[in-house]
Amino acid sequence: MSFDADTVHRRRWMILSALCLSLVLVIVGNTVLNVALPTLVRELGASNSDLQWMVDSYALVFAGLLLTAGAMGDRFGRKPALLTGLVIVGIGSVVASMASSPTQIIAGRIVSGIGAAFVMPAPLSILTAVFPPHERPKAIAIWAGLSGAGAAFGPVASGYLLEHFWWGSVFLVNTPIILVALIAGVLIVPNSKDPHETPLDPLGALLSIVGLSALVYGFIEAPNHGWAGGRTLLAFGIAVLALGAFGLWEHRSAHPMLDFDFFRKPAFSAGAGAITLTFFAMFGTFFLFTQFL
C-alpha cells in the first residue's frame with residue numbers, strides 16, 4: 001500500500017504512534033521474563049544457567065543482528081522489515097509460551113530476538129523519512145522516551161499474568177501490541193528505503209555479527225567466569241579482532257554497511273552517543289537485576 005506525500009504528512013503523528021508501539025514491543029520482550037524466573041524454576045526445573053540464557057539469548061541475538069537487519073531494511077524496504085520482524089517476534093513468543101522445557105523457551109527467545117533485530121531499526125528510519133527536519137528532534141524524543149513505558153509495562157504485566165494465569169502467558173503479553181502494530185503498520189505506515197539501492201555488504205555483515213555477538217557474550221559470561229577468566233577474555237578478544245576488521249573493511253569498501261564519515265558530524269555523533277548511553281544504562285540495569293534474582 002502506497003501513500004502520497006500529503007497523506008503521509010497529515011498522518012505523521014499517527015504513524016509515530018504506530019512506530020512507538022514497535023519500540024515498546026522490543027523493550028517488553030527484554031523485560032517480560034524477569035518476574036517469571038522463580039516460577040520457571042518451580043514449574044520446569046530450570047537451572048541457573050537455563051535462567052541466564054532464557055534472558056540473555058534474546059539480547060545476544062538482538063545485538064548481533066541489529067546492524068545487519070537495519071542494513072537489509074534500508075536495502076529492501078523498512079516497512080517489510082518492520083512487519084516481518086513483528087511476525088517473527090510473535091512466532092517466538094508463541095513457541096516460548098508452549099514450551100515444556102527450558103531449552104524450548106531459550107529457542108523461542110532466540111526467535112524473538114531475531115524478530116526484534118528487524119523491528120528496532122526500521123521505525124527510526126521511517127520516522128526520519130516521515131517528519132520534516134524541524135519536527136524530527138521532537139518525534140525522536142517521543143519515540144525514545146517511550147522505551148521507559150515498555151520497561152515499566154513488562155514486569156507489571158508479567159506479575160499480573162502469573163497471578164491469574166499459567167506461566168506461559170507471560171510470553172504472550174506482547175501479543176496485543178504485535179497485532180495493533182501489524183494492523184497500523186499495514187494501514188498507515190509508509191514504506192521507504194535507501195534511494196541509492198546500495199548493494200549489501202556480506203563481509204561487513206558477517207564481521208559485525210561476529211564482533212557484536214562476541215562482545216555481548218563477553219559481558220554475559222563475565223559475572224560467572226570473571227572479567228579476567230579465559231572464556232571472557234576470549235570473547236572480548238574475538239570482539240576486538242572482528243570489530244577492528246569490520247572498521248577497516250568499512251573504510252575500504254565501496255558500499256559500506258556503516259559509513260564512519262557520519263561520525264564526523266557533531267549532531268550525528270552526539271545523538272548516537274546519547275541513545276547509546278540511554279539504552280546501555282537501561283539494559284544494563286535489567287541485566288544486573290537478573291543477576292540478583
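This is a predicted model: local features need pLDDT of at least 70, side-chain atom pairs count only at pLDDT 80 or more; totals for chains, interfaces and linings use all residues.
# Working through an all-helix pattern

Reading along the sequence, the protein chain goes α-α-α-α-α-α-α-α-α-α-α-α-α. Residues are numbered from 1 along each chain as its sequence is written, and side-chain values use heavy atoms, with hydrogens and water left out.

## Exercise 1: the overall layout

Task: find how many helices and strands the protein chain has, and what share of its residues count as buried.

Solution. Start with the elements: there are 13 helices and zero strands. Helices here are DSSP runs of H or I with at least four residues, strands are E runs of at least two, and both are numbered from the N terminus. Next, burial: 45% of the 293 residues count as buried. The cut-offs are under 20% relative accessible area for buried, over 50% for exposed, and partly exposed in between (1.4 Å probe, protein chains only).

## Exercise 2: the salt bridges

Task: work out which residues form the two salt bridges, and where they sit.

Solution. First, the idea: side chains of opposite charge can pair when their charged atoms come close. The rule used asks for a side-chain nitrogen of Lys or Arg within 4 Å of a carboxyl oxygen of Asp or Glu.

Step one: Arg12 pairs with Glu135, with 2.7 Å between the closest N and O atoms. This pair links distant parts of the chain, since Arg12 is in helix H2 and Glu135 is in the loop between H7 and H8, 123 residues apart. Both Arg12 and Glu135 are buried.

Step two: Asp74 forms a salt bridge with Arg78, and here the closest N and O atoms are 2.9 Å apart. Arg78 belongs to helix H5 (residues 78-97). Arg78 counts as buried because its relative accessibility is 14%, whereas Asp74 is partly exposed at 26%.

Step three: check the contact list too. The side chains of Arg78 and Asp74 are joined by a polar contact of 2.9 Å. That term covers N or O atom pairs within 3.5 Å; within protein, one must be able to donate a hydrogen and the other to accept it, and residues adjacent in sequence count only if both atoms are side-chain atoms.

## Exercise 3: aromatic rings

Task: say how many aromatic pairs there are, and describe the geometry of Trp13 with Phe131 and of Phe219 with Phe236.

Solution. A pair of aromatic rings is described by the distance of the centres and the angle of the planes. Rings of Phe, Tyr and Trp (its six-membered ring) pair if their centres lie within 6.5 Å; planes under 30 degrees apart are stacked, over 60 edge-to-face, and the rest tilted.

Step one: the count comes to seven aromatic pairs. One of them is Trp13 with Phe131, edge-to-face at 4.8 Å centre to centre and 70 degrees between the planes. Trp13 lies in helix H2 (residues 12-31) and Phe131 in the loop between helix H7 (121-130) and helix H8 (136-145), so this pair ties together parts 118 residues apart in sequence. Trp13 is partly exposed at 32%, while Phe131 is buried at 1%.

Step two: Phe219 and Phe236 are also edge-to-face, at 5.3 Å centre to centre and 75 degrees between the planes. Phe219 is in helix H11 and Phe236 in helix H12, 17 residues apart. Phe219 counts as partly exposed, with 35% relative accessibility, but Phe236 is buried at 17%.

Step three: look for a cluster. Ring pairs link Phe219, Trp227 and Phe236 into one.

## Exercise 4: the nonpolar patch

Task: find which residues form the nonpolar patch on the surface, and which helices supply them.

Solution. Patch members need over 30% relative accessible area and no salt bridge; like charges are joined within 9 Å, nonpolar side chains (Val, Leu, Ile, Met, Phe, Trp, Tyr) within 5 Å. Areas come from the Shrake-Rupley method with a 1.4 Å probe, and for residues only the protein chains shown count as cover.

Step one: the members are Leu203, Leu206, Val210, Leu234, Ile238 and Trp249, with about 520 Å² of accessible area together. Step two: helix H11 (202-225) and helix H12 (230-252) each supply at least two residues. Step three: take Ile238, which lies in helix H12. Ile238 is partly exposed, at 37% relative accessible area.
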